[in-house]
Amino acid sequence: MNNSHFLAFLFRMKYINRWSLMRNTEVENIAEHSLQVAMIAHILAVIKNKYYGGNLDPNYIAVLAIFHDSSEIITGDMPTPVKYFNPELKEAYKNVEYIANQKLVSMLPEDFKEIYQDIFFHNESEEWSIVKAADKLAAYIKCIEEEKAGNKEFVKAKETISKSIDAIERPEVKYFMDIFMRSFSLTLDELEY
């Protein structure tokens, strides 16, 4: 039996920093970002099921979110303005992500590949749209935290991300914004626990 480098590679997520073109008061890596996206995606699925007639598996959605940026171990984190500069660059980057995900899955023992194929090569499903919404919400929270720390570098990003969140036609996202988002602007002393 050969050794698998799959998990050793994934554990390197902590070395890939996000927001590389911007000054950060607190550096964020893709490991912590992925955990935050997983928590948000899980609760979005719960909200959808509880209040909006959903029949989603929050645990599966959380797993999709945990692995959603895994390709960046190989590609690095491409800044959003660069990644979406034009349609050709966006498509080229999607192809690079696909190849990186193929490489990661190829590191698994043969018996595990089918399970992880579904996670790394998801279709444009409702579950995936929940993860993408959670990703935007996590980015918005990062902007709030940076702004709260006095960093004006994230003001424009916050406005842009806010508009993209407003454009998401998912009632669970609006519910999340109404019920949970304000708390991220508060200090620890202001949070009642």
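Analyst: Helices (H or I, at least four residues) and strands (E, at least two) are DSSP runs, numbered from the N terminus. The model is predicted, with local features requiring pLDDT of at least 70 and side-chain atom pairs pLDDT 80 or more, while totals for chains, interfaces and linings use all residues. Residues are numbered from 1 along each chain as its sequence is written, and side-chain values use heavy atoms, with hydrogens and water left out.

User: Where does tryptophan 19 lie? Why is tryptophan 19 called buried?

Analyst: Tryptophan 19 belongs to the loop that runs between α1 (6-10) and α2. Buried means under 20% relative accessible area, exposed over 50%, and partly exposed in between (1.4 Å probe, protein chains only). Tryptophan 19 has a relative accessible area of 14%, and is therefore buried. Its backbone has a positive phi of about 55°, although tryptophan 19 is not a glycine.

User: What makes serine 70 a buried residue, and which residues does serine 70 touch?

Analyst: The relative accessibility of serine 70 is 0%, so the residue counts as buried. Serine 70 sits in the loop between α3 (58-67) and α4 (72-75). Contact means heavy atoms within 4.5 Å; leaving aside residues up to four places away in sequence, serine 70 touches Leu10, Met13, Leu104 and Phe120. Serine 70 and serine 34 are separated by 36 residues in sequence and by 8.8 Å in space, from C-alpha to C-alpha.

User: Why does glutamate 146 count as buried, and what does glutamate 146 touch?

Analyst: Glutamate 146, a residue of helix α8, has a relative accessibility of 2% and therefore counts as buried. With residues up to four places away in sequence excluded, glutamate 146 touches Arg23, Asn24, Thr25, Glu26, Asn151 and Phe154. Arginine 23 is 123 residues away along the chain, yet 9.5 Å separates the C-alpha atoms of arginine 23 and glutamate 146.

User: What makes the pair of lysine 48 and glutamate 126 a salt bridge?

Analyst: A salt bridge is a side-chain nitrogen of Lys or Arg within 4 Å of a carboxyl oxygen of Asp or Glu. The side chains of lysine 48 and glutamate 126 meet at 3.7 Å, N to O, and form a salt bridge. Lysine 48 is in helix α2 (residues 30-51) and glutamate 126 in helix α8 (residues 126-148), so the bridge ties together parts that are 78 residues apart in sequence. Lysine 48 is buried, at a relative accessible area of 15%, whereas glutamate 126, at 33%, is partly exposed.

User: Why are glutamate 110 and lysine 113 said to be about one helical turn apart?

Analyst: Glutamate 110 and lysine 113 are 3 residues apart in helix α7 (residues 110-120), so about one helical turn separates them. The two form a salt bridge in which the closest N and O atoms are 3.1 Å apart. Glutamate 110 is exposed, its relative accessible area being 60%.

User: Why are α2 and α3 called roughly antiparallel?

Analyst: Axes are lines fitted to C-alpha atoms, for helices over the stretch in contact, and angles run from 0 to 180 degrees between N-to-C directions. Angles under 35 degrees count as roughly parallel, over 145 as roughly antiparallel, 65 to 115 as roughly perpendicular, and the rest as oblique. The axes of α2 and α3 come within 8 Å and cross at roughly 155°, and the two helices are therefore roughly antiparallel to each other. Ser34, Val37, Ala38, Ala41, His42, Ala45, Val46 and Asn49 of α2 meet Pro58, Asn59, Ile61, Ala62, Ala65 and Ile66 of α3. By class, this contact has 10 nonpolar, 4 polar and no charged residues. Here Ala, Val, Leu, Ile, Met, Phe, Trp, Tyr, Cys and Pro are nonpolar, Asp, Glu, Lys and Arg charged, and the others, Gly among them, polar.

User: What makes α3 and α8 oblique to each other?

Analyst: The axes of α3 and α8 cross at roughly 55° and come within 9 Å; α3 and α8 are therefore oblique. Tyr60, Ile61, Leu64 and Ala65 in α3 are in contact with Glu127, Trp128, Ile130 and Val131 in α8. By class, the contact of α3 with α8 has 7 nonpolar, no polar and 1 charged residues.
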